Amino acid sequence: MNTMDNLEKQLICPICLEMFTKPVVILPCQHNLCRKCANDVFQASNPYLPTRGGSLTSGGRFRCPSCRHEVVLDRHGVYGLQRNLLVENIIDMFKQESSSSKPAPERKEGMPMCDVHEEEKINIYCVTHGVPTCSMCKVFGAHKDCEVAPITSIYQTKKTELSDGIAMMVGNNDRMQGIISQLEEACRAIEENGRRQKTLVCEKFDLLYSVLEAKKREMSQKVTAEQEEKVNYIRGLTRKYGDHLEESCKMVELGIQTMEEPEMALFLQNTKPLLKKLAEASSTAHLDKVERGYENMDHYTVDFNKEGKALRSLDFPHEDEDEDEEDEDGEAGTEEGEGAQTVSGGSAVTAASVEPPATQQSSSSPSAAKSAAST
């Protein structure tokens, strides 16, 4: 019996949570789905694609519900996926074995009873207090002055509300997955830009041999430090969004399980707190956003054209140095025409060698970028 139970668990569809129904399709990631469930997931992920007879036939993509692997379909859509005949045969054998080895389980149907009137079934819904109750409570009990409604009408309303909440959560999860993909792309861009800028710095320093070796290491370390700081910040955001996505997926699974509750009163008892949790989980206001251009590293651009002795004091620009240089531009305008050097902090540096592109000065500090992103 344990073997049969374990086998049955392996034959459960992750979408409908029932045993696979024919035809069973196998995804490129080797996970299985009912064709109908695969079509439902495909329609939810591609709501604007044309349909024919209620089924998608054009190409598109969706993610496997088991491993989140992206499944790309051709023009045949879901019908282009290969059937898993082995799983279908195993299901047939399992059903035959189950029907012959054990009797069909008796379905126990019953309604929950009122806590106050133990012999009365819960058959109405108190709109005032938002709880299901019995007719005796309305006539003689605590709900005699309350507004009530048939439990069937409230059941349909709440079930529709829960269904809409689940659909909204699925949409939020898809958007969050897109944000995670963008964060991963930004992380790769930061790493690539950091490597590119370090290469440019090294090429300049290699022309000056031993005099520039110490400065080359120092400035390369600064690029690496900011790169690591930005990458760590992006990865931290990725983990936060991933944790939020995982929690949202759990809420979706709980909502799906609640949707399968056949008893209306039990369903209504569980719906109210679940809807509140869904509303809280759908909010992403507490998660930081990365500002545009945060991954750029162009403010480390260098251009060395002056004498070798001036290169000993070269450094990446700082905001206070930029302000000092702007104040001194009016006083030393004629001297700059003759090749004079600007003195900052007791060291002689050339203006051309320390000024980055104007569009990049605002992002020279990773901490400033992060604070701007958080606001």
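The legends below describe close-up views of a predicted model. Local features need pLDDT of at least 70 and side-chain atom pairs count only at pLDDT 80 or more, while totals for chains, interfaces and linings use all residues. Residues are numbered from 1 along each chain as its sequence is written, and side-chain values use heavy atoms, with hydrogens and water left out.

**View 1. The β5–β6 hairpin.** Strands β5 (residues 60–63) and β6 (residues 70–73) form a hairpin with six residues between them. Strands are DSSP runs of E of at least two residues, helices are runs of H or I of at least four, and both are numbered from the N terminus. The pairing of β5 with β6 is antiparallel and runs over four bridges; two strands pair if DSSP finds at least two bridges between them. R63 has E70 of β6 as its bridge partner. In the turn, R68 has a positive phi of about 65 degrees. V71 and L73 make up the covered face of β6, whereas E70 and V72 make up the uncovered one.

**View 2. The largest nonpolar core.** This core has 23 residues, and those with the most contacts inside it are L11, F20, L27, F62, L73 and I91. A nonpolar core is a set of buried Ala, Val, Leu, Ile, Met, Phe, Trp, Tyr and Cys residues joined through side-chain atoms within 4.5 Å. Buried means under 20% relative accessible area, exposed means over 50%, and partly exposed lies in between (1.4 Å probe, protein chains only). Two or more residues come from each of β1 (24–26), β2 (32–34), α2 (35–45), β6 and α3 (85–101). Helix α2 gives the most, with four residues.

View 3. L27 touches L33, F62, C64, V71 and L81, not counting residues up to four places away in sequence; contact means heavy atoms within 4.5 Å.

**View 4. S248 in helix α6.** S248 is placed in helix α6 (residues 210–259). With 1% relative accessibility, S248 counts as buried. Leaving out residues up to four places away in sequence, S248 touches M169, N173 and A281.

View 5. The whole structure holds seven salt bridges, each defined as a side-chain nitrogen of Lys or Arg within 4 Å of a carboxyl oxygen of Asp or Glu. Side chains of opposite charge can pair when their charged atoms come close. K158 and E161 meet in one of the salt bridges, at 3.8 Å from N to O. K158 and E161 are about one helical turn apart because three residues separate their positions in helix α5 (residues 151–206). K158 is partly exposed at 24% relative accessibility, and E161 is partly exposed at 37%. E185 and R188 meet in a salt bridge at 2.6 Å, N to O. E185 and R188 are also three residues apart in helix α5, so about one helical turn separates them. E185 is partly exposed at 44%, as is R188 at 45%.

View 6. K230 and E226 form a salt bridge, with the closest N and O atoms 3.4 Å apart. Both residues lie in helix α6, four residues apart, or about one turn of the helix. K230 counts as buried at 1% relative accessibility, and E226 counts as buried at 4%.
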